[in-house]
Amino acid sequence: MAKQSTKNIGMDVASPKEACEDINCPFHGSLKVRGRTFTGVVLSSKMHKTCIVEWERSYFLQKYERSEKRKSKVKAHNPPCINAEEGDLVKIAECRPLSKTKNFVIIEKVGREKLFTEKMEARQESKVKDKEKVEEKEEHPKEE
Ligand SMILES: [Zn+2]
């Protein structure tokens with residue numbers, strides 16, 4: 001068996017151009033993928049070989065007969081041959097639990113999220129504003 005052969009993982013994705021030595025890589029290691037697949041944005045790739053991936057889904061409220069947007073966030077394994085970065089759109093697939101909170105692996109880089117840095121900054125700002133509001137309330141509790 002050739003050492004660096006790229007395996008067919010059984011899903012309709014383009015295999016990575018680079019090779020890697022990661023045992024938990026679905027293309028070059030012994031990891032098998034099965035179950036659900038999602039496409040999401042990488043929020044953070046700071047952890048060692050791990051990314052946080054988030055995507056939006058619509059949740060139907062029966063009482064109001066309308067849908068609202070909800071978000072799902074999971075940790076996913078980031079093999080060195082794919083090496084996804086923050087703001088990348090990636091396809092993830094379910095695999096065996098790789099650690100306590102990691103049950104997914106990135107299988108393909110689809111593209112870049114548009115205006116990712118702007119969106120993240122806006123999110124950060126709204127967090128700061130919420131904090132300021134809480135602090136204001138704590139400082140003047142009797143005025144309200
Ligand atoms: Zn690999």
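1. Two strands count as paired if DSSP finds at least two bridges between them.

2. Before going on, please keep in mind that this is a predicted model: local features need pLDDT of at least 70, side-chain atom pairs count only at pLDDT 80 or more, and totals for chains, interfaces and linings use all residues. Residues are numbered from 1 along each chain as its sequence is written.

3. Now the overall plan. The chain has 1 helix and 5 strands, and from the N terminus on the elements run β-β-β-β-β-α. Helices (H or I, at least four residues) and strands (E, at least two) are DSSP runs, numbered from the N terminus.

4. In which order do the 5 strands close into a barrel? The order is β1-β2-β3-β5-β4, and the pairing is mixed. From one strand to the next, the twist averages 45 degrees; axes here are lines fitted to C-alpha atoms, for helices over the stretch in contact, and angles run from 0 to 180 degrees between N-to-C directions. In general, strands of a sheet pair through backbone hydrogen bonds, either parallel or antiparallel.

5. The parallel sense is found where strand β3 (residues 66–77) meets strand β5 (residues 102–112), over 3 bridges. Here H77 has V105 as its bridge partner in β5.

6. V105 also turns up in the largest nonpolar core, which has 19 residues; V53, A76, I92, V105 and I106 have the most contacts inside it. β1 (33–44), β2 (50–61), β4 and β5 each give two or more residues to this core. A nonpolar core is a set of buried Ala, Val, Leu, Ile, Met, Phe, Trp, Tyr and Cys residues joined through C-beta atoms within 7 Å. Leaving aside neighbours within four places in sequence, A76 is in contact with C51, V53, I92, K102, F104, V105 and I106. Contact means that the C-beta atoms of two residues, placed from the backbone, lie within 7 Å.

7. The cut-offs are 20 or more other C-beta atoms within 10 Å for buried, 12 or fewer for exposed, and partly exposed in between, with C-beta atoms placed from the backbone. Not counting residues up to four places away in sequence, E85 touches V42 and S45.

8. L43 sits in strand β1. L43 is partly exposed, with 17 other C-beta atoms within 10 Å. Beyond four places in sequence, L43 touches I52, E54 and E86.

9. Finally, the whole chain. Domain 1 (18–113) and domain 2 (114–144) divide it, with bounds from an automatic or database domain assignment. Their C-alpha centres lie 28 Å apart. The C-alpha trace spans about 75 × 35 × 30 Å along its principal axes. Of the 144 residues, 21% are buried.
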